[in-house]
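Please look over the sequence and the structure shown here before reading on. The briefing that follows goes through the overall make-up first and then turns to particular residues.

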Amino acid sequence: MVTTTTAFPYTGIPSTEVVREPGHTGMAEHGTEITKHLLQDANDRVEHGAHEAELRADASWAATGEQMKRQALAVRDVAVESADNLRGEIRAHPLLAVFTGIVVGVLLGRALR
């Protein structure tokens, strides 16, 4: 006599502990079905979670990339403006620029010795 009850009501898989046959626990027949079902469900959840995480990461990286691009452009603009200002100061005071270059060269030479 075989009596089964559904231990997993959403799957329709009978419980292995409730299957009653003379000399048989039901593990061979239903245990592998339960294992396959549970593993497939877990695998589907992992794939779904990984896909969602990938989408979130892509969106985050895109936003971060745009922000970094804006910052790089702002830094470049400041550098170009500073270089133009420095060129103007050197043209306005050439002797001071030469003297400053010599002093910086001597200090670097002593520091790297």
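A residue is called buried when its relative accessible area is under 20%, exposed when that area is over 50%, and partly exposed in between, with a 1.4 Å probe and with protein chains only taken into account. By that scale Ala-97 is partly exposed, with a relative accessible area of 28%, and Ala-97 lies in helix H2. This is a predicted model, in which local features need pLDDT of at least 70 and side-chain atom pairs count only at pLDDT 80 or more, while totals for chains, interfaces and linings use all residues. Residues are numbered from 1 along each chain as its sequence is written, and side-chain values use heavy atoms, with hydrogens and water left out.

**Confidence**

- The pLDDT, which is the predictor's confidence in each residue on a scale from 0 to 100, averages 77 over the protein, and 72% of the residues score at least 70.
- Confidence is lowest in strand E1 (residues 6-8), where the mean is 51, and highest in H2, where it is 94.

**Overall make-up**

- The protein has two helices and two strands, where helices (H or I, at least four residues) and strands (E, at least two) are DSSP runs numbered from the N terminus.
- Read from the N terminus on, the order of these elements is β-β-α-α.
- The protein has 113 residues, and 8% of them count as buried.
- Among the contacts (heavy atoms within 4.5 Å) in the protein with a separation of 6 or more, 8% are accounted for by residues 24 or more positions apart.
- The accessible surface, computed by the Shrake-Rupley method with a 1.4 Å probe and, for residues, with only the protein chains shown counting as cover, comes to about 9600 Å², of which 63% belongs to carbon and sulfur atoms.

- Side chains of opposite charge can pair when their charged atoms come close.
- A salt bridge here is a side-chain nitrogen of Lys or Arg within 4 Å of a carboxyl oxygen of Asp or Glu, and by this rule the count comes to four salt bridges.
- One of them joins Asp-41 to Arg-45, with the closest N and O atoms 3.3 Å apart; both residues lie in helix H1 (residues 27-92), four residues apart, which is about one turn of the helix.
- Of this pair, Asp-41 is partly exposed at a relative accessible area of 32%, whereas Arg-45 is exposed at 59%.
- Another salt bridge links Glu-52 with Arg-56, the closest N and O atoms being 3.6 Å apart, and these two residues also lie in helix H1, four residues apart, or about one turn of the helix.
- Glu-52 counts as partly exposed, at 33% relative accessibility, while Arg-56 is exposed, with a relative accessible area of 55%.
- The side chain of Glu-52 also makes a polar contact with the side chain of His-48 (2.6 Å); a polar contact is a pair of N or O atoms within 3.5 Å, where within protein one must be able to donate a hydrogen and the other to accept it, and residues adjacent in sequence count only if both atoms are side-chain atoms.

- Leu-96, Phe-99, Val-103 and Leu-107 make a nonpolar surface patch of about 410 Å².
- Patches are made of residues with over 30% relative accessible area and no salt bridge, with like charges joined within 9 Å and nonpolar side chains (Val, Leu, Ile, Met, Phe, Trp, Tyr) joined within 5 Å.
- Phe-99 lies in helix H2 (residues 94-111) and is exposed, with a relative accessible area of 53%.
- The C-alpha atoms of Ala-97 and Leu-86 are separated by 9.9 Å, and these residues are eleven residues apart along the chain.
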